[in-house]
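Welcome! Open the model beside this page and let us walk through it together, from the overall fold down to single residues.

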Amino acid sequence: MIRLLVVFAALVLCLSGCGGGSRQGFNFTASEIASLCLDSTELLPADVSSAVRVDLNPFLGDKEFEFGNLVRSLRFIPLETTDASLLANIYKVVLTDRHVYVHDDFKGGGLVIFTSKGKFVRRISHGGGPGELYQLSDMAYDPSTDRLLVYQHPFLLFYTADGEYLEQKKLPFGFYNFQPIPGGYVFKTIDGVGNHHLGAKQDYTLLVTDTTFRLRQAALPVAPDKTHFGGYRYLYDAEDGIRVTGKFNDTIYCYDPLRHDLAAACVLDYSDKKLPDSQVKDPRGEFTDILMGNDYYYFLGECLETPSHQVFFLRNDWRRHRLVVYRDKQTGGMTGGATYHFDFHVLPPVGFPRATYGDNFVSLHYPNPQDSCLQSSPLISPEDKRMIAGLKADDNPVLALFQLKSIDGHE
């Protein structure tokens, strides 16, 4: 059996907010500000009456757990390697029935499109011309219009599903992440930086607009003295709406785009080792030293959800690891820790997923000589075994899609 301890060197998450975020230095005209219709914007309260408490305290510390026994199925999507499709550090992966979209670190933020089988389609050109990218912040797929959407401050760029440029629209505010919804968009900001023109609504971190970017709703105000130390993603698709998270906010919300309401879905409890609220202020730039010098856990918003399972991530800089906890949504059973065990003859190291697709969690696996052990895996199809056998260590990563078995209870 093999055990894997995830340390800082293995993390792709960029804590300073690489690849996204509200940006300063762009002025908005009076007409653009007026188009927001701020006077008619609804301040949306969050219903917290039905939130589920998720107790993560049993999984803190250097706890180990058996991951290999959880996996019910596994399949691979190799991302074709060509000179044009070579991938740098990967920030975000979005899968649809026809395509795979990869936001990577190419020249500060690039986008590569593959088919759902992993065949390379195109890398959107780098540059400042129409449809070209020079600093991509976020991307999403809109199933209602079958379009790829890209955020490059201050514009939202629109492409066909296979990456043909269509148009761009200037946005009247800055943000961090976005998600298309029927008839509009949901935007997540971190704080009021760059959005002072929103007036009293600049500190609201969840903004909902129609397709013309008229601001219909604003929710989840953040205290202005919170330290500016963010993760990467704060909006996640779920069956019943958009999951909304935040830095140092242990409540995970759900925005229902059909009912246009907001409710707390769950609250993470790790009170045994939680970073004190008094430390989440950074007037003298000492916050990083506090994290490195104390055995504190904190939540930066990383969570994923399939119809059957959830996965939550906490950080602990003092222990130099990231904690992962899987939860069965039907039974409430959980398992997790900082170190997971698996058999390298059955699974590659995929226990820390990066995305979801249907009922699958999606991880990145980088080819290596040890993959030869997988030829005896009962979970991997003969076709996938042949594919893995033909990969080289410098090829693009493989997407590993896995489903989990039912989790009966706490370990």
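The secondary structure of the protein chain comes to three helices and 30 strands. Here helices (H or I, at least four residues) and strands (E, at least two) are DSSP runs, numbered from the N terminus. The chain is as compact as a globular protein of its length, because its radius of gyration of 21 Å is close to the 22 Å that the globule rule gives for 411 residues. That radius is taken over C-alpha atoms, and the globule rule is 2.2 Å times the number of residues to the power 0.38.

Before going on, a word on the source. This is a predicted model, in which local features need pLDDT of at least 70 and side-chain atom pairs count only at pLDDT 80 or more, while totals for chains, interfaces and linings use all residues. Residues are numbered from 1 along each chain as its sequence is written, and side-chain values use heavy atoms, with hydrogens and water left out.

**The whole chain**

Along the principal axes, the C-alpha atoms fill a box of roughly 65 × 50 × 40 Å. Of the 411 residues, 55% count as buried. Buried means under 20% relative accessible area, exposed means over 50%, and partly exposed lies in between (1.4 Å probe, protein chains only). Among contacts between residues at least 6 apart in sequence, 61% join residues at least 24 apart; a contact means heavy atoms within 4.5 Å.

**Spaces in the structure**

How much space lies in the largest pocket? The volume is about 850 Å³. Of the 36 residues that line this pocket, the closest to its centre are Leu95, Gln179, Asp237, Ala238 and Thr356. Several strands give two or more residues to the lining, among them S7 (90–95), S15 (177–181), S19 (235–238) and S28 (355–357). By class, the pocket lining divides into 19 nonpolar, eight polar and nine charged residues. In this scheme Ala, Val, Leu, Ile, Met, Phe, Trp, Tyr, Cys and Pro count as nonpolar, Asp, Glu, Lys and Arg as charged, and the others, Gly among them, as polar.

A search of the whole structure also finds one cavity of 30 Å³ or more. About 50 Å³ of space lies in the largest cavity, and its lining has six nonpolar, no polar and three charged residues. The lining residues include Phe248, Asp250, Lys274 and Tyr298.

Both kinds of space are found on a 1 Å grid over the protein atoms alone: a cavity is a set of points where a 1.4 Å probe fits but cannot get out, a pocket is an open set with protein on both sides within 12 Å along at least five of seven lines, and lining residues have an atom within 4 Å of a point. Grid points are joined across faces, edges and corners, and a volume is the space filled by probe spheres set on the points.

**Residues to look up**

Here are some residues and their relative accessible areas.

| Residue | Relative accessible area | Class |
|---|---|---|
| Phenylalanine 158 | 3% | buried |
| Phenylalanine 248 | 11% | buried |
| Threonine 251 | 14% | buried |
| Histidine 309 | 3% | buried |
| Arginine 320 | 43% | partly exposed |

Histidine 309 is found in strand S24 (residues 309–316). Its side chain makes a polar contact of 2.8 Å with the side chain of serine 308. A polar contact is a pair of N or O atoms within 3.5 Å; within protein, one must be able to donate a hydrogen and the other to accept it, and residues adjacent in sequence count only if both atoms are side-chain atoms. Beyond four places in sequence, histidine 309 is in contact with residues including Arg327, Phe361 and Leu404.

Phenylalanine 158 lies in strand S13 (residues 155–160). Proline 154 is in the loop between strand S12 (147–152) and S13, and the peptide bond from histidine 153 to proline 154 is cis, with omega near 5°.

Which value does phi take in phenylalanine 248? It is near 55°, a positive value in a residue other than glycine. Phenylalanine 248 lies in the loop between S20 and S21. Threonine 251 is found in strand S21 (residues 249–256), and it touches Val244, Ala264, Cys266 and Val267, not counting residues up to four places away in sequence.

Arginine 320, in the loop between S24 and strand S25 (321–328), has a positive phi near 60°.
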